[in-house]
Amino acid sequence: EIDFYKDNGSYLLRVSNDGVRLPEDIDINNSTTLGLELVSSLSKQLRCNIEVNRVDKTEFTLEFNLP
């Protein structure tokens, strides 16, 4: 699932998957998997905050502002 919307002046991009959850011991900023490298790279390019939810599903939320 992919959501993209504006909230209180910031943009939020939320990507989630209800399949196998991401293990708690994986550091998304130091992973060698292609998917997590892409998430980390995108967050650096957008200069954004990234939040990971691993409760019911794996969900990444990137919050950023556009110039």
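Residues are numbered from 1 along each chain as its sequence is written. Because the model is predicted, local features need pLDDT of at least 70 and side-chain atom pairs count only at pLDDT 80 or more, while totals for chains, interfaces and linings use all residues, and side-chain values use heavy atoms, with hydrogens and water left out.

Strands E3 (residues 49-53) and E4 (residues 58-64) pair in the antiparallel sense over five bridges, where pairing requires that DSSP finds at least two bridges between the strands, and helices (H or I, at least four residues) and strands (E, at least two) are DSSP runs numbered from the N terminus. A hairpin of four residues connects E3 to E4, and Val-52 has Phe-60 of E4 as its bridge partner.

The largest nonpolar core consists of nine residues, among them Phe-60, Leu-62 and Phe-64; such a core is a set of buried Ala, Val, Leu, Ile, Met, Phe, Trp, Tyr and Cys residues joined through side-chain atoms within 4.5 Å. Helix H1 (34-46) and E4 each give two or more residues to this core, and E4 gives the most, with three.

Ser-40 lies in helix H1 and is buried, with a relative accessible area of 9%, where buried means under 20%, exposed over 50% and partly exposed in between (1.4 Å probe, protein chains only). The table lists contacts (heavy atoms within 4.5 Å), leaving aside residues up to four places away in sequence.

| Residue | Contacts |
|---|---|
| Phe-64 | Phe-4, Ser-10, Tyr-11, Leu-13, Leu-46, Cys-48 |
| Ser-40 | Ile-28, Asn-29 |
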